[in-house]
Amino acid sequence: MIGPAILAVDADPDRLGEIERELTERYARSYSVAVAGSADDAHRLLEQLAADGRDVAIALCALDVGGVDGADILDGVRSRHRHARRGLLVRWESLGQRDVGEIIFQAMAADRIDQFVFRPMVSPDEQFHSAVSSMLLDWADAQRTAPNTVRIVGESWTGRAHELREALQSCAVPHDFCLVDSPNGRATLEIAGADAELPLLQFPDGSILQNPTNAELALATGGPVCPEQLEFDVVVVGAGPAGLSAAVYGASEGLGTLVVDRGGIGGQATSSSLIRNYLGFPRGLSGRRLAQNAYHQAWVFGADFTFMHTVTGIRREGRFLVLTLDDGTELRTVGVLLAMGATYQRLGVPSIEAMVGAGVFYGSSTS
Ligand SMILES: Cc1cc2nc3c(=O)[nH]c(=O)nc-3n(C[C@H](O)[C@H](O)[C@H](O)COP(=O)(O)OP(=O)(O)OC[C@H]3O[C@@H](n4cnc5c(N)ncnc54)[C@H](O)[C@@H]3O)c2cc1C
């Protein structure tokens, strides 16, 4: 067996065989498919994989495995494989049944599962594979191996490296960090040159920026930092979920729409590892994915964006409103939509504020 494991558990040999075949035919090139027909077998398999240093990417489990709750079996997954995604397998016919919905809700609320997955009904079952693929992407995201992950290389996790991490988070860009004297750090430094200025950002195409400004970082990750024109029908201040929604609807109605944000996209939502109550996403999605999707949607509808700029003033001039940005740029618009969200209070103690990013961190979720 090669590659991280995809594990399926079901006491019914026929159903287990169907799932094993479906998984093997689609994923065996990159993942090893492992199956267990009982709770005991599943525990043994998980222990063996952990002892062999093998990763589990996904564990799928029937609601009931020979009298044992599927969620009980999945409890054993995260303790050994912390990034593994866990799904309860349900029959399509269960859709709408209150008792099954309740089991899923309780297991999700207690963080015992990540998703529910409809069992495959035909072969190939693209609905099943769509759920499995999205779990694999979530697993890769958590492992920081998702496509487009940007690497930060620095002498320490604090200081400017921390600021760059915050800026990448505010641009909803997946990223990881490594010390300059680690094997990956040395490899990046070798490409950049021994006298390169740290921290370094290495992009998936191999290009490297040396201690970039936040504006350079935004540009390099696909975020414009200057408006291409100075007159719009609507300017939206804030690119959090509210501002991005406004951008989609403004632009899709044909209004010349600009969104300005002092950071990147997603606002507070980018700190959320899993949002379960957003309309249209029954299995939840990360704040970063939500922000990326909304940004792509607004972009395709023709909305313009200007990141890393704060709107500092607003005044009326005839039928126009004039917005001032922090670099002095003035934007004329017929309508302004303020979607500036919330600003969290900080301690406000100067000596502590000076240490933010260098030993003092504010956090709202796991990082
Ligand atoms: C860790 C965490 C988890 C959460 N989980 C959930 C959840 O599961 N479900 C849920 O419903 N909600 C959740 N929330 C709350 C949710 O993220 C917020 O309600 C939502 O982001 C608010 O959206 P918004 O667009 O109104 O404002 P914000 O997200 O606050 O965005 C405002 C944007 O405006 C920008 N801005 C402000 N002033 C200016 C200015 N002068 N010039 C330029 N730009 C400016 C900011 O940079 C920011 O990007 C969570 C929040 C956090 C922090």
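These legends walk through a few close-up views of one predicted model.

Residues are numbered from 1 along each chain as its sequence is written. Because the model is predicted, local features need pLDDT of at least 70 and side-chain atom pairs count only at pLDDT 80 or more, while totals for chains, interfaces and linings use all residues, and side-chain values use heavy atoms, with hydrogens and water left out.

**View 1. The shell around the ligand.** There are 26 residues around the ligand, and Ala242, Asp261, Gln268, Asn277 and Val311 come nearest; a residue belongs here if one of its heavy atoms lies within 4 Å of the ligand. By class, the shell splits into twelve nonpolar, twelve polar and two charged residues. (Nonpolar here means Ala, Val, Leu, Ile, Met, Phe, Trp, Tyr, Cys and Pro; charged means Asp, Glu, Lys and Arg; the others, Gly among them, count as polar.)

View 2. A polar backbone atom of Val311 sits 2.9 Å from a ligand nitrogen, and an N or O atom in the side chain of Ser272 is 3.4 Å from a nitrogen atom of the ligand. On its own the ligand has 1000 Å² of accessible area, and the protein covers 74% of that (Shrake-Rupley method, 1.4 Å probe).

**View 3. The second largest pocket.** This pocket holds about 510 Å³ of space, counted as the volume filled by probe spheres set on the grid points. A pocket is an open set of points on a 1 Å grid over the protein atoms alone, where a 1.4 Å probe fits, with protein on both sides within 12 Å along at least five of seven lines; lining residues have an atom within 4 Å of a point. Here 27 residues form the lining, with Asn148, Ala172, Val173, Pro174 and Gln292 nearest the centre. By class, they come out as 16 nonpolar, eight polar and three charged. H10 gives the most, six residues. (Helices are DSSP runs of H or I, at least four residues, and strands are runs of E, at least two, numbered from the N terminus.)

View 4. Ala172 sits in the loop between helix H6 (160–170) and strand S9 (175–179), and its phi is near 60°, a positive value in a residue other than glycine. The peptide bond from Ser123 to Pro124 is cis, with omega near -5°; Pro124 is in the loop between strand S7 (115–118) and H5. Leu198 and Pro199 are also joined by a cis peptide bond, omega about -5°, and Pro199 lies between helix H7 (183–192) and strand S10 (200–202).

Definitions and conventions
A polar contact is a pair of N or O atoms within 3.5 Å; within protein, one must be able to donate a hydrogen and the other to accept it, and residues adjacent in sequence count only if both atoms are side-chain atoms.
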